[in-house]
Number of protein chains: 2
Amino acid sequence: MKQGIVLFGHGSRNPAWAEPFHLLRSEIEKQQPDAQVELGFLELMEPSFADAIDRLAASGANDVVVVPVFISAGSHVREDLPKLTEAAMASHPGLRVRVVPSLGEAPEMLAAMARYALQAAG
Amino acid sequence: MKQGIVLFGHGSRNPAWAEPFHLLRSEIEKQQPDAQVELGFLELMEPSFADAIDRLAASGANDVVVVPVFISAGSHVREDLPKLTEAAMASHPGLRVRVVPSLGEAPEMLAAMARYALQAAG
């Protein structure tokens, strides 16, 4: 099994908006140098989610974990993303695509955000 | 000095969108039971940022830390928020209002997000 990670974000017309996504990818690669990480945006920005999946599949990944880099999992995560993952699996038979809770839904992330807020206030 | 924390978010027409903000406030209060935390939204949702400041000031806070609960600090954080904080300080003489880096700009939060992604992929 060869794993890949997609950092799924909304996208923006402003290229600078993607900066935290690039930083997050670098941080993941720092923590685990052999991690395969691609950015995949919903709209307004490249690479698209489909591009991210294509890249990971081309590099031999067969198990993809999608991390929605959203505070709130609104319709983009609850409605658009399932369609994107279905399309990705249809395009790549044998590829497993799993979506994990978005950042604002994961208890460990909420705990980390709370620590950050208290420390910043400190 | 009495401190308050404002969790600053964009807001949405969908009330469920605010859920992570409520969870984050609860988590902060769990980690530090005497913390004074208010949500303050830019638009589409109550309470507004000004409401949050008014509530904290009314409870006696004189040092307010604003945590932008945004992955990317776009124009809402870079342009709208400074105007809101200026207006807040103008309305409440003697109140100090500080804005800390948004979640996607803070190295410790990027490290936590990376750990989450790798653990989820694990």
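**Helix α1 of chain B**

The buried residues of α1(B) pack against α4 (107-121) of chain A, and also against β1 and β2 (37-41) of chain B. Helices (H or I, at least four residues) and strands (E, at least two) are DSSP runs, numbered from the N terminus. This is a predicted model, where local features need pLDDT of at least 70, side-chain atom pairs count only at pLDDT 80 or more, and totals for chains, interfaces and linings use all residues. Residues are numbered from 1 along each chain as its sequence is written, while chains are lettered from A and ligands numbered from 1 in the order in which they are written.

Start with the length. α1(B) has 13 residues, which at 1.5 Å a residue should span 18 Å; the expected span is 1.5 Å times one less than the number of residues. The end C-alpha atoms are 18 Å apart, which agrees.

Now the faces. Pro20(B), Phe21(B), Leu24(B), Glu27(B) and Ile28(B) are buried (20 or more other C-beta atoms within 10 Å of the residue's own, with C-beta atoms placed from the backbone). They cover an arc of only 120 degrees around the axis, so they sit on the same side of α1(B). The arc is that of the directions from the helix axis to the C-beta atoms. His22(B) and Lys30(B), on the other side, are exposed (12 or fewer such atoms).

Last, the interface. 37 residues of chain B are in contact with 37 residues of chain A (C-beta atoms, placed from the backbone, within 7 Å). α1 (19-31) is among the elements of chain B that give two or more residues to this side. α4(B) gives the most, with 13 residues.

Terms used:
Contact = placed C-beta atoms within 7 Å.
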